[in-house]
Amino acid sequence: MNTQVEADVSVLDIVKQVFSVVLMVAGIAAFYYFSDIQLVYRVLGLLVVALAVVAMVLTTAVGQSVWSFALESKQEVKKVVWPNREETVRTTLLVFAMVSVVGIVLWLLDTFLFWGVRLLTGQGG
């Protein structure tokens with residue numbers, strides 16, 4: 001049983017998405033085209049264009065699903081039990097200790113292998 005669910009995408013949503021991309025590209029092009037204008041005004045203009053694009057995309061079905069996903073993600077993050085300061089410090093120190101131990105073991109292994117290769121090739125003293 002092979003059932004495919006097709007999303008009901010309206011033509012208006014597609015037009016909005018294409019226009020959003022065109023508007024954003026035009027805003028970026030204008031940012032560089034008007035390079036003789038002060039940077040503050042160009043950045044503000046680009047921010048206004050970006051906000052307009054985001055507002056337009058949020059009126060589409062894809063924008064609504066992305067927005068609801070973001071809200072659900074925010075709720076899930078609130079449910080996470082974050083470690084306290086003591087647990088964080090203890091875990092960080094354990095990671096530093098393990099990295100140091102592994103580093104020393106690898107250094108010793110490298111030293112003994114280098115010594116063995118020098119001995120086998122007759123370069124050792």
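Predicted model: local features only at pLDDT ≥ 70, side-chain atom pairs only at ≥ 80, totals over all residues.
Residues are numbered from 1 along each chain as its sequence is written.

Start with confidence. pLDDT is the predictor's confidence in each residue, on a scale from 0 to 100. Its mean over the chain is 91. Of the residues, 92% reach 70 or more. Confidence is lowest in α3, with a mean of 93, and highest in α4, with 96. Helices here are DSSP runs (H or I, at least four residues), numbered from the N terminus.

Now take helix α1, residues 11-33. The expected span of a helix is 1.5 Å times one less than its number of residues.

Which residues of α1 are buried? They are D13, S20, G27 and F31. Buried means under 20% relative accessible area, exposed means over 50%, and partly exposed lies in between (1.4 Å probe, protein chains only). The cover over these buried residues includes α2 (39-57) and α3 (61-79).

S20 shows this in detail. The residue sits in helix α1. S20 counts as buried because its relative accessibility is 2%. Setting aside residues up to four places away in sequence, S20 touches V53, M56 and V57 (contact: heavy atoms within 4.5 Å).

R42 belongs to helix α2. Its relative accessibility is 16%, so R42 also counts as buried. Beyond its neighbours within four places in sequence, R42 is in contact with F31, F34, S35 and I37. One of these, F31, is itself a buried residue of α1. The C-alpha atoms of R42 and Y32 are 8.5 Å apart, with the two residues 10 apart along the chain.

Turn to the charged side chains. How many salt bridges does the structure hold? There are two. A salt bridge puts a side-chain nitrogen of Lys or Arg within 4 Å of a carboxyl oxygen of Asp or Glu.

One joins E76 and K79, at 3.2 Å from N to O. Both residues lie in helix α3, three residues apart, about one turn of the helix. E76 is partly exposed because its relative accessible area is 45%. K79 has 58%, so K79 is exposed.

The other links E86 with R90, whose closest N and O atoms are 2.9 Å apart. These two residues are in helix α4 (residues 85-121). They are four residues apart, so about one helical turn separates them. Both E86 and R90 are exposed.

Finally, look at the surface. Y33, F34, I37, L39, V40, Y41, V43, L44 and L47 form a nonpolar patch. Such a patch joins nonpolar side chains (Val, Leu, Ile, Met, Phe, Trp, Tyr) within 5 Å, from residues with over 30% relative accessible area and no salt bridge.

Which helix gives the largest share of the patch? Helix α2 does, with six residues. V40 is in helix α2. V40 is exposed because its relative accessible area is 52%. R42, also in helix α2, is buried at 16%.

Conventions. Heavy atoms only, no water. Patch = residues over 30% accessible without salt bridge, like charges linked within 9 Å, V, L, I, M, F, W, Y side chains within 5 Å. Areas by Shrake-Rupley, 256 points an atom, 1.4 Å probe, with all protein chains shown as cover.
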